[in-house]
Amino acid sequence: MPLFGFIGDDELAKSDALEKAIEKWLGPESDSYARELYFGEELDPYVIAQSYDTMSLFAPKKAILIRGIDKTSASSQEVLLSCFKQSNDGVAVFAEATKWDARQALRKYFSKHGTWLESKAPKAWDIPQWLNTRARVKYSRILSISDASYLKDLIGIDLNDLDMELSKLDTFLPEKSPILAKDIEEMVSPRNADIFVFQNSMGMRDKAKMLHSLRSLVDSGDPAFLLCMRLYSHCLTLLRICSCLQKGKSDKEIADELQLNYYFHFRTQRYAEQAKSRPLALWKKIVSRLSRMELDFKQGRLSERFEIELAFAAMM
């Protein structure tokens, strides 16, 4: 019996891979009754077992998709394991999870006897490359790394938001034309202007403006660890610019080398001025500190508002 496991936190890549695998199994012209969808938290394993043993009169193949299989109870997984060990070449099972304990017997069985795909979401600093690949693979568009960096800085690091903007650009641009900075400037609006104030005031060492924008972002519901990730990516870029400036390179040379958008990052956001606000050694310390802070936020060690403000203010 065909088994397919899809695991990871890149929901877009995982969903795309799932759909392609199901379509390949059933065929491109399959009807909806050939698919069955279940959710881990609420599934009845005996219903799945019965469906697994029963073929449709209207389709030669069946696809059973279980989303959130990691959330099923231990007893349910035992029933499913017993069921899936029985051979049925007309049914394929597609299991999806963000994380799935590798010690569980059902997980081990999928790993050993099935096809396994892991989709990891990119780190903040890898998102321009992710956008470049996404534009090429899904939309058949060329998007340079520098213009992808521009799009990321406007929208943020949420992959769903970024993909929605790519879809919008793909809808309105002429077929097969590249996605350029001027197109992004015309069609894309910043998700939250406060994030630019927050990271740029950190770069310019303006504590009052940084704290004001931080409070606004926290009040609007932005998680502290996501703000930390955005600031880490921003400060890492400033660190690299600082290093290039020490080597005597011009702003345009740095933009080309780091694949940044010269007009947006250097003329509008004044990245070179921000990079000059601290020596290289201090930028390295800040980037290292932000890396540790992200873990502190995720683990709840810095959860109170005053702790969040103090943590960011200490780097000014």
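**Salt bridges and a surface tyrosine**

Reply: Y33 counts as partly exposed because its relative accessibility is 42%. The model discussed here is a predicted one. Y33 is located in the loop that runs between α1 (11-26) and β2 (35-39).

The charged side chains may be considered next. The protein chain carries 45 positive and 45 negative side chains, and the centres of these two sets lie 7 Å apart. The count of salt bridges comes to 21.

One of them joins the side chains of E309 and R215, at 3.1 Å from N to O. This pair links distant parts of the chain, since E309 belongs to helix α16 (residues 305-313) and R215 to helix α10 (residues 207-219), 94 residues apart. E309 is buried because its relative accessible area of 15% is under 20%. R215, at 35% relative accessibility, counts as partly exposed.

E309 also forms a salt bridge with R305, where the closest N and O atoms are 3.3 Å apart. E309 and R305 are four residues apart in helix α16, so about one helical turn separates them. R305 is partly exposed, with a relative accessible area of 36%.

A further salt bridge brings together the side chains of K168 and E165, at 3.0 Å from N to O. Both residues lie in helix α7 (residues 159-172), three residues apart, or about one turn of the helix. Here E165 is buried, with a relative accessible area of 5%, whereas K168 is partly exposed at 29%.

How values were computed
Residues numbered from 1 in each chain as written. Predicted model: local features only at pLDDT ≥ 70, side-chain atom pairs only at ≥ 80, totals over all residues. Heavy atoms only, no water. Helix = DSSP H or I, 4+ residues; strand = E, 2+ residues; numbered from the N terminus. Buried < 20%, exposed > 50% of the residue type's maximum accessible area, 1.4 Å probe, protein only. Lys, Arg positive; Asp, Glu negative; His and termini not counted. Charge placed at Lys NZ, Arg CZ, Asp CG, Glu CD. Salt bridge = Lys/Arg side-chain N within 4 Å of Asp/Glu carboxyl O.
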